[in-house]
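Subject: Structure handover

Hi,

Here is the structure I promised to pass on to you.

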Amino acid sequence: MENGAQEDSGEAREAVVLEESRGTGVITGGEALSLHQKETLLAFMDMYYESLANLEAEDCSELFIEGDSHGELRAQVDGTSWTSEKDGSFQAAVHQAAWKLIIGVRKASGLDLRLLSYSYRLDCLNVTEMEDGCVQVEVMEYTDMRFAHTPEIDSSVTGLRHFFVLKQQEGKWYLTRHLAYDSAYSHFLRRENSDRGREAESMSWEEMENLADELIQEAADQIRQRRLQWESENDQSEQARAEHAYDREAAVAYAREWAEERNPQWQSYDSLGGNCMNFVSQCLFASGIPMDRSGNARWYWFSDANRAPAWTGVDSFRDYADSNTGYGLSARIGAAFGTGEEGDVILMCDDGDYNHAVIISQVVQDETGETIDYLICSNTGNYRDFPVSAYMYTDQELVKILGWNG
């Protein structure tokens, strides 16, 4: 894979490989970082991925110490209220709870979502020495991985932005801060702020653990409901018809080509709430489904100033797919989850708000030929052939793409 992680032969990598490690990691472009600083960053990433390999959260508290508040870090990554200004013990608690949440969701799926292998690369973008001697590091992560239930398939996460703050104490470097965009950390803390109406920084270790348990139970309930629908709704005889067939192969080919990048022919909305629906709309358009400027239900994009809300907005697309009966897209909202095919769309909901969209790139079946999962492609974050069952959004709805009329 072009942006995949590569093997590192440097001593920094060798110094932090865990004895039972299933993967490798490297830092590139980090000439301004010392060997020991790199070791700390790699140790953190190893600990995270080993937790996912074993589906048991490792104790990362040894990597964090208290540090002064860094307003510069907050200004770069905080568009809401979730960024921590607390000490290292709070940061360790956040990460333990977030890792527990990720692992709990994967266990609740009923599938074997252990990582068999992983290979990550951290591209160093910026290194800034702070006035107090701390070092702020901005990196972009590119990771390939293989899951136990799809052992022959490379799944990837690319372009995931991380911010770290490192502090030296008694000759050793520790973390005082870590933030990542499109991660369980931000998801976890945003949920706390929106649900409880309070600052996440005031939470204790125990409260974070309890919140993680609540979110895991919520995810398990959503997965259970989806499984019941999966098993009970199989009659597609009365579904809508389309005059023109859907070219699923073309849609998936486009999805795989552009899951990790942005097609320069289109506006990117990563910094304006996310590029996910824009990406899925592009996939459908690449299959031959025409833009629709007719009637009240519309779906088109000619420029940022000349577009229909349904092209880039998840809720608006859902309304369009559900209501359009004339020219253009023909789809079925809320189809039985187990009837998905390559090229179908999955919409994801958080607290009643549909705010993420992905496209199915492959159907995963067991030895009996029964569908058990889907691999998906998406933008913001950039996922390629990633199990939808491992997604942090567990409230999911299948949209059957039937073709188009006209």
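This is a predicted model: local features need pLDDT of at least 70, side-chain atom pairs count only at pLDDT 80 or more; totals for chains, interfaces and linings use all residues.

**The cores**

The largest nonpolar core is made up of 67 residues. Phe44, Tyr49, Val137, Ile346, Ile376 and Phe386 have the most contacts inside it. Helix α2, which spans residues 35–54, gives the most to this core, with 9 residues. Another core, of 40 residues, lies apart from it and includes Ala259, Trp266, Ala310 and Trp311. As general background, nonpolar side chains in soluble globular proteins tend to be buried together.

Leaving out residues up to four places away in sequence, Phe386 touches Arg106, Met145, Phe147, Ser155, Ser156, Val157, Tyr374, Leu375, Ile376 and Tyr391.

**Helices α7 and α8**

In α7 (residues 248–258), the buried residues are Arg248, Ala251, Val252, Tyr254, Ala255 and Trp258. These cover an arc of only 160° around the axis, so they sit on the same side of α7. And what covers the buried residues of α7? Among the elements doing so are α8 (276–286) and the strands β11 (353–365), β12 (371–378) and β14 (395–405).

Helix α8 is itself mostly covered, as 9 of its 11 residues are buried. They are Cys276, Met277, Asn278, Phe279, Val280, Ser281, Gln282, Cys283 and Leu284. Just after α8 comes Gly288, with a positive phi of about 110°.

**Aromatic rings**

In one of them, the ring centres of Trp266 and Trp311 are 5.4 Å apart and the planes are at 20°, so the pair is stacked. This pair links distant parts of the chain, 45 residues apart: Trp266 belongs to the loop between α7 and α8, while Trp311 belongs to helix α9 (residues 309–312). Trp266 has a relative accessible area of 15%, so it is buried. Trp311 is buried too, with a relative accessible area of 0%.

Elsewhere, one aromatic cluster is formed by Phe44, Tyr48, Tyr49, Phe64, Trp99, Tyr118, Tyr120 and Phe164.

Finally, a charge over a ring: the charged end of Arg226 sits over the ring of Phe337, 4.9 Å from its centre.

Enjoy exploring, and write back with any questions.

Best wishes

Technical notes:
Residues are numbered from 1 along each chain as its sequence is written. Side-chain values use heavy atoms; hydrogens and water are left out. A nonpolar core is a set of buried Ala, Val, Leu, Ile, Met, Phe, Trp, Tyr and Cys residues joined through side-chain atoms within 4.5 Å. Buried means under 20% relative accessible area, exposed over 50%, partly exposed in between (1.4 Å probe, protein chains only). Helices (H or I, at least four residues) and strands (E, at least two) are DSSP runs, numbered from the N terminus. Contact means heavy atoms within 4.5 Å. The arc is that of the directions from the helix axis to the C-beta atoms. Rings of Phe, Tyr and Trp (its six-membered ring) pair if their centres lie within 6.5 Å; planes under 30 degrees apart count as stacked, over 60 as edge-to-face and the rest as tilted. A charge sits over a ring if NZ of Lys or CZ of Arg is within 6 Å of the ring centre and within 35 degrees of the ring normal.
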